[in-house]
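Biologist: Can you put the model up and walk me through it? I'd like to start with the surface and then go inside.

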Amino acid sequence: MNLFSIFSPARRRRRDFSRASARYACTIDGTLMMMDRVVSFQGRVIDLSAGGALFRPRLSYLLNRRDVPICLTLGSEEIFGR
């Protein structure tokens with residue numbers, strides 16, 4: 001058996017992937033404040049689930065950040081999370 005046949009894509013197994021919570025598409029305008037830098041970004045929530053939300057900023061690019069305390073303001077509601 002040669003090295004190529006061991007690592008060929010045909011021999012790789014696919015892993016089944018499932019999310020713990022159902023995700024729902026939406027378009028809700030809001031503001032995201034990063035509490036560690038006290039900086040706010042206007043944008044839109046485009047995806048919600050029980051485990052989180054996907055926020056797209058309007059004018060600036062946010063790097064993929066994890067475990068940063070945030071405050072998401074949607075209308076008159078404030079949601080705190082990480």
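**Surface, core and salt bridges**

Modeller: The accessible surface of the protein chain comes to about 7200 Å², with 52% of that belonging to carbon and sulfur atoms; the areas are Shrake-Rupley values with a 1.4 Å probe, and for residues only the protein chains shown count as cover. This is a predicted model, where local features need pLDDT of at least 70, side-chain atom pairs count only at pLDDT 80 or more, and totals for chains, interfaces and linings use all residues. Residues are numbered from 1 along each chain as its sequence is written, and side-chain values use heavy atoms, leaving out hydrogens and water.

Biologist: What order do the elements run in from the N terminus?

Modeller: The order is α-β-β-β-β-β, taken from DSSP runs (helices H or I, at least four residues; strands E, at least two) numbered from the N terminus.

Biologist: How much of the chain is buried?

Modeller: Of its 82 residues, 21% count as buried, meaning under 20% relative accessible area, with exposed over 50% and partly exposed in between (1.4 Å probe, protein chains only).

Biologist: Which residues make up the largest nonpolar core?

Modeller: That core has nine residues: C26, L32, M34, F41, V45, F55, I70, L72 and L74. A nonpolar core here is a set of buried Ala, Val, Leu, Ile, Met, Phe, Trp, Tyr and Cys residues joined through side-chain atoms within 4.5 Å.

Biologist: And V45, buried or exposed?

Modeller: V45 is buried, at 0% relative accessible area, and is placed in strand 2 (residues 39-49). Beyond its neighbours within four places in sequence, V45 has contacts (heavy atoms within 4.5 Å) that include C26, I28, F55 and L72.

Biologist: Changing topic, how many salt bridges are there in the whole structure?

Modeller: A search finds three, each a side-chain nitrogen of Lys or Arg within 4 Å of a carboxyl oxygen of Asp or Glu. In one of them, R23 pairs with D47, the closest N and O atoms being 3.1 Å apart. R23 sits in the loop between helix 1 (3-6) and strand 1, and D47 in strand 2, 24 residues apart.

Biologist: Which residues are linked in a network?

Modeller: D29, R44 and R58. The N to O distance is 2.9 Å for R44 and D29. R44 lies in strand 2 and D29 in strand 1, so this pair ties together parts 15 residues apart in sequence. For D29 and R58 the N to O distance is 3.9 Å.

Biologist: How exposed is R58?

Modeller: R58 is partly exposed, at 49% relative accessible area.
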